[in-house]
Amino acid sequence: MKDETKTKEEFIRELQQLRRQVAKFDKSEQEREKAKEELRESEARLKELAELLPEIVCETDEKGNLTYVNRIAYEKFGYTEEDFNQGMNVLQVIIPGDRDRVRANMGRITAGEKLGEIEYTVLRKDGSTFPVSIYSNAIIRQKKPVGFRTIVIDNTWGKKVADELKRSEERYRAIFENTGTAIAVTEEDTMISLANHEMELLSGYSKEELEGKRSWTDFVVREDLARMKKYHGLRRDNPVSAPRNYEFKLVDKQANIKNILITISMIPETKKAIASFLDITEQKKAEEELKLRAEMLDQASDGIMLRDFDGNLLYANETAIKDRGYTLEEFFKLNARDLIVAEPNSESIKEWDQRLMEKGYSHTEFGIRHKDGSLVPMDAMATKIKSGNKEYILSITRNITEQKKTEEALKESDERLRLFMNSATDAFSIWDSELNLVDCNEVRMKLFFPGLRKEEVIGKNIVELYPFFKGTDRHSKYLEVLKTGKPLFIADTVRIGDISLPESEQRHHSIRAFKVGNGLGLINTDITERVRAEAERAVLERKSQVTNRMAVVGEMASGIAHEINNPLTGVVGFAQLLADRKDLPEDVREQLKIIHEGGHRVANIIKGLLSFARQSKPKREYVDINEIVEETLQLSHYKLETSNIEIIKRFEPELPWTMVDAGQLQQVFINLILNAEQEMSSAHGKGKLEIKTELAGDRIRISFKDDGPGIAKETIKRIFNPFFTTKEVGKGTGLGLSLSHGIIAEHGGQLYIESELRKGATFVVELPLLTKEEEIEKVEAEAGTEEKGRILVVDDEEVVRQYLNSVLTKMGHTVEMATNGEEALELVKSTRYNLILSDIKMPGMDGKEFYKNIEEIAPSLTRRVVFITGDVMGEDTQDFLLETGAQHITKPFDAGNLRRVVNDMLSGSKK
């Protein structure tokens with residue numbers, strides 16, 4: 001009973017504890033709900049803030065599907081909210097060339113990597129593009145990434161400005177020297193590293209005394225120095241923390257103190273600053289005087305006068321009186337009309353008063369006659385007022401002497417702008433509100449108005465200058481810019497000169513249109529090469545697919561050659577050594593010669609296989625392509641004539657020569673001509689074959705155009721594949737076009753086809769234009785005493801090592817052998833060798849890695865390395881031999897070749 005009571009008590013305690021846990025859980029649940037609500041409110045506030053930002057803000061799910069974009073995104077990308085609601089992926093606004101990189105970076109962000117700023121090119125709905133910088137982070141929910149939050153910054157103008165600054169460095173140097181303002185570049189240590197002529201005049205020191213010799217602190221009065229040093233330090237820690245414009249007092253070489261307004265900025269990505277110094281000493285004096293006057297009569301800084309229409313002065317404040325240089329008593333004895341002097345191009349005082357009578361208000365500029373006879377320019381606003389039955393003129397005049405100076409400075413600035421425009425590579429033009437030409441730079445004159453003077457085109461309407469322009473979509477868009485002020489960016493084909501020019505001779509421009517005052521500014525940038533490059537990209541992609549397929553065949557052929565050449569080296573080599581022995585019966589020696597010749601036949605078969613796969617380098621010479629085509633036509637003349645094929649030749653007479661293997665190229669041309677003949681003969685028993693040669697940029701283009709049945713799209717994709725043929729069984733092997741393709745690719749060129757069914761076919765050969773190589777003088781090696789030396793042989797094939805050992809030992813050399821790079825490297829560390837013969841492809845450390853290790857241990861020894869390889873035609877092997885410049889012997893080889901190479905290397909190393 002006691003135990004049972006204790007159990008009940010324990011049960012009650014456990015029940016109470018459970019109730020407390022339930023209450024605690026309810027409270028936690030309430031807190032979680034509250035936190036969720038606060039999170040939702042926070043996200044709503046963040047999205048409200050994002051709507052106000054000038055930059056694009058968007059969110060996506062983990063697959064890149066857009067779940068949120070702010071308003072600026074619609075404007076930047078040209079999409080509507082309806083487009084967004086229908087579902088969009090972020091890759092839709094990325095150009096195809098950047099999409100793989102976007103996918104990769106999304107994966108890196110999801111994995112937790114912080115990428116920072118990334119630059120892409122994005123795509124608008126209308127197909128236009130612009131550069132951006134993107135900052136993106138993963139959205140984490142329950143410790144798992146569920147999407148991405150991204151800020152996109154438009155870099156269009158930043159990129160343009162950066163490119164323009166780079167191109168204009170020399171022009172800016174000229175501006176630096178001729179700007180009319182004192183300018184200096186200062187270093188972090190306060191030294192002046194660069195100063196212009198105006199800085200010399202301001203400071204009294206020459207450039208030689210300033211640059212690298214003096215600190216800017218030498219020119220600052222004591223009371224301003226601490227403040228300016230503080231700004232100096234702040235500016236380098238954070239440029240925005242220090243003021244850009246401020247005043248200080250400067251002490252020149254003659255100890256004169258001048259009031260200076262300095263404008264200073266940091267040079268990006270450096271600790272240097274560039275400062276301009278404006279001497280405002282006189283301006284400061286004028287400001288103090290103006291301030292003194294402003295504190296006087298009615299605290300007015302402008303002249304205020306009241307007069308009647310007869311010119312009688314009724315009231316004037318002290319400013320108005322002092323502007324004219326009179327005392328109070330003298331001033332009121334004068335007539336207002338005696339003080340006003342109309343400018344040559346302005347209306348007279350009577351005309352001004354007449355307009356005031358009619359309209360009641362006038363605003364104009366005129367000169368006033370000062371007491372000392374000088375002329376003071378004034379900006380005058382006048383209003384007609386009425387008191388009783390009499391009318392008066394209330395005028396406010398402002399001395400605009402400084403404004404006139406500013407206008408002169410602005411005029412100078414406009415002239416500098418004109419210099420900028422005329423130095424630019426883009427075509428600039430300015431048009432008024434009616435689209436009449438106001439001004440343009442020299443680039444636009446040369447581009448659009450060749451042979452005309454600027455005076456002949458200024459003032460003419462855009463439709464008069466470009467008759468074809470009226471009523472076009474671009475005309476409407478320009479008018480829309482004038483109406484709304486919204487800038488326009490378009491890429492269009494601009495007709496220059498004769499509008500009948502073919503498309504290939506027209507130029508493509510990007511055009512920026514923007515409002516300038518009440519008129520229109522246009523900037524034309526030539527993008528012809530970019531447009532043509534984009535047009536050719538699709539063709540190049542198709543060609544590269546064919547090249548990739550041929551590369552697979554090449555890899556296979558290279559591997560077969562390597563495997564056969566190693567044992568074949570032993571067969572050919574030992575057969576020759578045995579055949580050279582005098583103690584063997586003549587019939588045995590004859591049989592050995594048969595073995596030796598058979599081995600060479602196998603070697604030639606391997607070379608043919610490599611030739612088919614285009615793994616062997618052509619033997620190039622400087623030739624005339626037109627001449628090769630002519631010779632090929634002569635070889636094919638009988639076949640073409642009997643097949644009723646008419647040949648049309650369109651050869652460019654001044655076609656430059658280039659470096660090619662003439663025999664291989666003739667093989668390609670024969671293939672293409674005979675293929676065309678067979679297709680035309682099969683289709684209609686005759687035909688026309690047009691052969692054209694031309695120079696296309698830095699390439700020579702040879703095209704073979706027939707009027708045969710054409711080729712289907714699905715066939716074009718496979719036509720260069722080995723063993724693919726559309727001919728009947730027994731009439732074609734399917735190797736001709738694939739072999740031709742390989743030959744042209746090995747020459748660094750391209751072979752491709754343009755065709756449609758029932759519209760004939762055109763095979764195009766493009767070859768790089770190469771200059772003539774220098775003739776290499778061939779010097780016969782003189783027979784002499786062979787140099788003896790210690791030679792290291794490195795090869796994983798036993799038969800090759802034994803053959804090399806036999807030949808080299810008979811030549812009197814000391815031979816040591818290794819089966820791989822590791823063994824050879826240990827021997828090199830302890831023994832000095834006069835020559836190293838090494839295979840390239842070996843298990844473990846191969847010949848390439850062995851060579852690189854030698855470079856670190858004994859660099860001079862690399863000049864005594866000869867590679868013996870059956871893979872010399874492989875692309876990676878060729879690149880390695882070209883990069884290192886190392887000598888090589890191709891397997892299989894005979895004893896004579898080996899002796900010549902060894903003797904040449906040893907005699908060269910002794911020199």
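By contact I mean heavy atoms within 4.5 Å. Helices (H or I, at least four residues) and strands (E, at least two) are DSSP runs, numbered from the N terminus. This is a predicted model, in which local features need pLDDT of at least 70, side-chain atom pairs count only at pLDDT 80 or more, and totals for chains, interfaces and linings use all residues. Residues are numbered from 1 along each chain as its sequence is written, and side-chain values use heavy atoms, with hydrogens and water left out.

I begin with an open sheet of 5 strands, ordered β23-β25-β26-β28-β27, with mixed pairing; two strands pair if DSSP finds at least two bridges between them. β23 (645–651) and β27 (750–755) each have a single partner strand, so one side of each lacks a neighbour in the sheet. β27 pairs with β28 (residues 761–768) in the antiparallel sense over 6 bridges, and isoleucine 753 stands opposite phenylalanine 763 in β28.

Which helices lie on this sheet? Helix α24 packs on the sheet and touches β23, β25, β26, β27 and β28. Helix α22 (residues 625–635) lies across β23, β25, β26 and β28, at about 170° to β23; axes are lines fitted to C-alpha atoms, for helices over the stretch in contact, and angles run from 0 to 180 degrees between N-to-C directions.

After α24 comes glycine 685, with a positive phi near 70°.

The other open sheet, also of 5 strands, has the order β7-β6-β10-β9-β8 and antiparallel pairing. Its edge strands are β7 (192–195) and β8 (245–251).
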